[in-house]
Amino acid sequence: MNGRRKPPDASRTLRVRRRLALLCWVVAAAVMVARSAEVQVVERAEWTAEALAQHEKSRVVPAARGRILDRNGGELAVSRWRAVVGVSPREIRNRDEVAAALVEHLGVSARTAKAVSAGTETWKVVPGRYSMTEAEGLRGLRGVYVEREPRRLYPREELARGLLGVVREGVGRGGIEQSMDSVLAGQSGREIIVRDNRGREIPGQVLVVKPPVAGRDVMLTIDQDLQAIAEEKLADAIDSAGAEGGDLVITDPGTGEILAMTSVVHGSNAALSAVNTTYEPGSTMKPFTTAALLHHRIAALSDSVDTGHGSWSVNGRTITDVGNGGGWLTLHEVMKRSSNVGIAKFATLLSHGQQYTTLRDFGFGTLTGVPLPGEASGVLRRPEEWSLLSKHSLAYGYELSATALQMAMAFGALANGGWLMEPQLVREVHSRDGGAVRLGRPRAIRRAVPSPVAEALTAVLVDVVEGGTGARARMTTFRVAGKSGTTHAIGGNGRYEEDAHHASFGAYFPAEDPQLLFFVRLDRPREAYFGGEAAAPVTLATLETLLSARQTPIDRQALALASRQAVPTPRATPVVRFAVAADDGAMDAWPAAADASPTPGRPTRMTVPALEGASVRVALRRLHKLGLRIRLEGSGIVRTTVPGAGRPVGAGDTIRVLAGDHARGGARAMPDQGG
């Protein structure tokens, strides 16, 4: 036999191999069919989306941010679109073409253009931001992408920077930008860009899935011209006084509208310490202590107190005055001369509840509600937390803290007949068609004191400016009502700093019909640091500049009626003052001061009426009507007068009235005050 047969084992092995190979092919085919079915059926949507993603790109479309306007519609903050140009070097086919286009349309240097278009990186950004017109010529270039980015602009540059705030990464930070962010920001949209097989954007093939909704405009109560004046005058005052900073708040006391508000902190106007930084007000609190005395009928402006030699030791502490001469002073004179001793002694007549409630009613210790972030409430402790010294300290502005805005609103209550107003900063919010959808309206929080009390205090504050500690705010043509204050500054360790002070001044103008209210605070002035010397001139300088401006928020017709020609010219001699002690509440709360000079209907020569046995209230009224000065010693029933009944006197003479048990010993008024 020529041929050989294969061994049975070899033939069997071959068949097994063939079958195994066939099985593997069958299994592989089954897997491929299964995977194909999975991809085409189960994962169809996912792969379809991925395929589309190669030709479509979804991106967020930012919304145009609303404008911030001043009260007259002037733009304080606006948004403009700018282009951000990105380059993907990996996608570029013609680098020279891209580089040339960047140079031609964006104006970048040839070196920059080559740098961003070279390499194999996934993404590079062309430095700078460009107008949409400049970037339009780049559309259609492979590997070049143009995206819109909103840019926040402030047409008046640094004007009201602390008040307005800023926008970072599309979100408002600080000021109105933050507090009104939900209104200004609008709602972002989304669009889909169609690209060709090379990944280039196809012009005109943009699908808007969700259109952006533009933010709404916000109109403020701020007057940008007055704001500019305020910033200039505050900066001048800080520079001339060598101060570290300060605040200036200007409001309309009748409505509570904030017309200007500026702060400087360590040379920067980006902060707003007028709202978020507190300090001890010092003597600018004395009008509110006086308001408590008048409101609760504890004392009258004509009541007097002995300030000694300008110092008073009480409860282990000595209260001192600065250069007011000491002696007997009426409450009116205590305010005019800013006597710490006098106001502290008068404050002892108030109960804890009366003093606390009045200060609380003027807004101290509570937020004003101004729509700005970070407002500080200040501190006014409850009476149960007071020490034996608290009543005196509070009387002249210590042991409590307040912001400049709180002080402005409190002074505004005095200018507004006793009504404490809520500060208004947002006047209107405009709808997208330009109409006003929310109008800020004046809102009275409460009546702090009755209008007669506010009117009486206004007369006193005018006297403070006419010839007292606020004389450097005095105007020739118009009357200004104001009060200065000086207080020690507290350092970071919670203790008073040596030779560091706050100088402040609150005022309203014109006194007869207030249209503007000013509150100034200078932080740590190095030169003159008394409020009347450092802060009061800021008010005068601001007023003079404002009145010379063409467009102002002042009613000039009403202002003309409030000029000095419309009221009696003040006399060189002071008004008649009555040295009166408080009795059990029978006397008038705030008798008007009488003029010592003869007036029509009032006799120039007269005799002292018989007052023995009459009540103090009756005696004061009768002598008051005659135009006589009074010095009361004691209280209750009149024992005798000096000169006695029937003796001849002239208008303006002083009558000594001895009343009650104290009359026998010749005790002075308010013996319980230790003065």
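**Close-up views of a predicted model**

Figure 1. Ser268 is partly exposed, because its relative accessible area is 32%, and partly exposed lies between the limits of 20% for buried and 50% for exposed. The structure shown here and in the other figures is a predicted model. Ser268 sits in the loop that runs between strand 12 (257-265) and helix 10 (273-276). A polar atom of the Ser268 side chain lies 3.1 Å from the backbone nitrogen of Ala270. Ser268 and Gly245 are 23 residues apart along the chain, and their C-alpha atoms are separated by 8.4 Å.

**Figure 2. The chain as a whole, for orientation.** The chain contains 22 helices and 29 strands. It has 675 residues, and buried residues make up 48% of them.

Figure 3. Which elements each supply at least two residues of the lining? They are strand 21 (481-490), strand 22 (496-509) and helix 18 (531-534). Strand 21 gives the largest share, with five residues. As background, empty space can be found by rolling a probe the size of a water molecule over the atoms.

Figure 4. Helix 13 spans residues 340-347 and is mostly covered, with eight of its eight residues buried. These buried residues are Asn340, Val341, Gly342, Ile343, Ala344, Lys345, Phe346 and Ala347. At the start of helix 13, a side-chain oxygen of Ser339 comes to within 2.9 Å of the backbone nitrogen of Gly342.

**Figure 5. Helix 16, enclosed by the structure.** Helix 16 covers residues 404-415, which makes 12 residues. From its first C-alpha to its last it reaches 16 Å, close to the 16 Å expected at 1.5 Å a residue. Is helix 16 enclosed or open? Helix 16 is largely enclosed by the rest of the structure, because 12 of its 12 residues are buried. Among them are Leu405, Met407, Met409, Phe411 and Leu414, as well as Gln406 and Gly412. In an α-helix there are 3.6 residues a turn, so residues three or four places apart point the same way. After helix 16 comes Gly417, with a positive phi near 70°.

Figure 6. Ser393 is part of helix 15 (residues 390-395). Its relative accessible area is 1%, so Ser393 is buried, the limit for buried being under 20%. Which residues does Ser393 touch, leaving out those up to four places away in sequence? They are Arg317, Tyr398 and Glu399. With Glu399 there is also a polar contact between side chains, at 3.4 Å.

Figure 7. Most peptide bonds are trans. A cis peptide bond joins Phe509 to Pro510, with omega about -20°. Pro510 is in the loop between strand 22 and strand 23 (516-523). Another cis peptide bond joins Val642 to Pro643, with omega about 0°. Pro643 is in the loop between strand 27 (638-642) and strand 28 (648-650).

Figure 8. Most residues other than glycine have a negative phi. Ala160 is not a glycine, yet its phi is positive, about 55°. Ala160 lies in the loop between strand 5 (144-153) and helix 6 (161-164). Glu169 is not a glycine either, and it has a positive phi of about 55°. The loop between strand 6 (166-168) and strand 7 (171-173) holds Glu169.

Note on methods: Residues are numbered from 1 along each chain as its sequence is written. This is a predicted model: local features need pLDDT of at least 70, side-chain atom pairs count only at pLDDT 80 or more; totals for chains, interfaces and linings use all residues. Side-chain values use heavy atoms; hydrogens and water are left out. Helices (H or I, at least four residues) and strands (E, at least two) are DSSP runs, numbered from the N terminus. Buried means under 20% relative accessible area, exposed over 50%, partly exposed in between (1.4 Å probe, protein chains only). A polar contact is a pair of N or O atoms within 3.5 Å; within protein, one must be able to donate a hydrogen and the other to accept it, and residues adjacent in sequence count only if both atoms are side-chain atoms. The expected span of a helix is 1.5 Å times one less than its number of residues. Contact means heavy atoms within 4.5 Å.
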